[in-house]
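Hello,

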Amino acid sequence: MGPVYTLVGLNLCVVALLMCLVWGISFRIKDVSIVDIAWGAMGAVVAIVTFLLAEGAFPRRLLLTGMVGIWGIRLAIHIAFRKRGKGEDFRYAAMRKEQGETFPFRSLFTIFLFQALLIWAITLPVQVAQLSPEPAGLTGLDLLGLSIWLLGFGIEAVADYQLNFFLNNPANTGRVMDQGLWRYSRHPNYFGESLMWWGVFLVAAATEGGWMGIFSPLLMTYFLLRISGVPLLEKGLVERRRGYREYVERTSLFIPWPPRGG
C-alpha cells in the first residue's frame with residue numbers, strides 16, 4: 001500500500017475515533033451541539049498528524065498545517081465561548097425532538113461520524129500535498145493562496161467578533177444584526193470561511209496533481225450555502241428576528257455587496 005493510502009487511511013481512523021469519543025461525551029451530557037466545537041479541532045488534528053508523518057517539502061507542509069491549524073483552533077475556541085452557558089443548538093434540539101429516543105444513537109452515525117468523514121474529505125488536498133517533495137520551495141501560487149486565506153481569516157474573525165458584540169448587548173435582543181460586515185452580507189463569516197478553503201486549495205494546487213483537490217473548497221462552499229449553514233440559519237432567523245425578511249430583501253446572501261436601496 002502506497003504512502004498516500006496509508007496516510008489518509010490513518011487520518012480517517014484518527015478523526016473517526018476522536019469523533020466517537022466526542023459522541024460519548026455528548027451522550028452523557030445530552031448535548032449533540034458540542035460536535036460544532038470538535039469540527040474545527042478535527043481539521044487541525046488532520047493537518048498536524050499529516051505534518052508529523054509526511055515527508056514532502058517542509059515549507060509547504062508548515063504553511064498548510066499553519067493555515068488549517070489556525071483555522072480549526074480559532075473556530076473551535078470561538079464556538080466554545082459562544083456556546084458557554086447555553087443549551088443544545090436549536091437545530092440539533094429539533095432533530096432530538098423529531099427522532100425521540102433513537103436520536104442519541106442515530107446521532108453517532110448521522111452527525112458525528114458523518115462530520116468526521118466530511119472534514120477528512122475536505123482536508124484530503126492538505127494531506128496529499130504534504131507528501132509532495134516538489135516544488136521544494138514556495139511558489140507564487142502558494143503566496144496567492146496564503147493571501148486569499150488571510151483575507152478570508154480576517155473577514156470571518158471580524159464578522160464573528162461583530163456578531164458576538166452585538167448579541168451580548170441586551171438592547172439588541174430580538175433585533176437583526178445589520179451593522180459592520182453584516183450590512184453587506186447576511187453571512188460574512190461563511191464567506192470568509194469559504195475564502196480560506198479556496199486559499200488552502202491554491203497552496204495544495206502548487207504541487208503536482210494538486211488541482212484535482214478543487215472538490216475541497218467546492219464541497220465546503222456547497223455545504224455552507226446549501227446544507228448545514230445558510231438554509232438552517234435563515235429559516236430560524238426569519239421566525240425569531242423581527243425585520244429579518246426586510247434584511248433579506250436588501251442584503252446580499254453571501255458575497256459582501258452594497259445593500260439594495262442604499
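A quick word on names before we start: helices are DSSP runs of H or I with at least four residues, and they are numbered from the N terminus. With that numbering, Lys-30 sits in the loop between α1 (3–29) and α2 (35–53). Please keep in mind that this is a predicted model, so everything below is computed from predicted coordinates.

Let me stay with Lys-30 for a moment. Its phi is near 60°, which is a positive value in a residue other than glycine. Most residues other than glycine have a negative phi, and most peptide bonds are trans. Is Lys-30 buried or exposed? Lys-30 has a relative accessible area of 60%, and because the cut-off for exposed is over 50%, it counts as exposed.

The loop between α6 (124–129) and α7 is worth a look too, as Pro-135 is found there. A cis peptide bond joins Glu-134 to Pro-135, with omega at about -10°.

Next, the helix pairs. Helix α7 covers residues 140–167 and helix α8 covers residues 188–205; the two pack at an angle of about 165°, and their axes are 7 Å apart. Angles over 145 degrees count as roughly antiparallel, and α7 and α8 are therefore roughly antiparallel to each other. The crossing in which α7 passes α8 is left-handed. What kinds of residues make up the contact of α7 with α8? They divide into 17 nonpolar, 5 polar and 4 charged.

Two residues let you look at this pair of helices in detail. Ile-155 lies in α7, and Phe-191 is found in α8. Ile-155 counts as buried at 16% relative accessibility, and Phe-191 is buried with a relative accessible area of 14%. Along the chain Ile-155 and Phe-191 are 36 residues apart, while their C-alpha atoms are separated by 7.8 Å. Phe-191 can also be compared with Gly-154: these two are 37 residues apart in sequence and 11 Å apart in space, C-alpha to C-alpha.

The other pair is α2 with helix α5 (residues 103–122). These pack at an angle of about 30°, with their axes 10 Å apart. Angles under 35 degrees count as roughly parallel, and α2 and α5 are therefore roughly parallel to each other. Their crossing is right-handed.

Helix α4 (residues 90–99) has a few details of its own. Which residues of α4 are buried? Arg-91, Tyr-92 and Gln-99 are. They cover an arc of only 95° around the axis, which puts them on the same side of α4. Just after α4 comes Gly-100, which takes a positive phi of about 65°.

- Arg-74 lies in helix α3 (residues 58–83). Arg-74 counts as buried at 18% relative accessibility. Its side chain makes a polar contact of 3.4 Å with the side chain of Glu-156, and a polar contact of 2.7 Å joins the side chains of Arg-74 and Asp-160.
- Thr-221 is found in helix α9 (residues 215–227). Thr-221 is buried, with a relative accessible area of 14%. Its side chain makes polar contacts with the side chain of Ser-194 at 2.7 Å and with the side chain of Trp-198 at 3.5 Å.

One last stop takes you back to helix α1, the place of Val-8. Val-8 counts as buried at 11% relative accessibility. How far apart are Val-8 and Ile-119 in sequence and in space? They are 111 residues apart in sequence and 12 Å apart in space, C-alpha to C-alpha.

Notes
Residues numbered from 1 in each chain as written. Predicted model: local features only at pLDDT ≥ 70, side-chain atom pairs only at ≥ 80, totals over all residues. Heavy atoms only, no water. Axes fitted to C-alpha atoms, helices over the stretch in contact; angles between N-to-C directions. Parallel < 35°, antiparallel > 145°, perpendicular 65-115°, else oblique. Left-handed = near helix turned anticlockwise from the far one by under 90°. Nonpolar A, V, L, I, M, F, W, Y, C, P; charged D, E, K, R; others polar. Buried < 20%, exposed > 50% of the residue type's maximum accessible area, 1.4 Å probe, protein only. Arc of directions from axis to C-beta. Polar contact = N/O pair within 3.5 Å; in protein donor to acceptor, adjacent residues only side chain to side chain.
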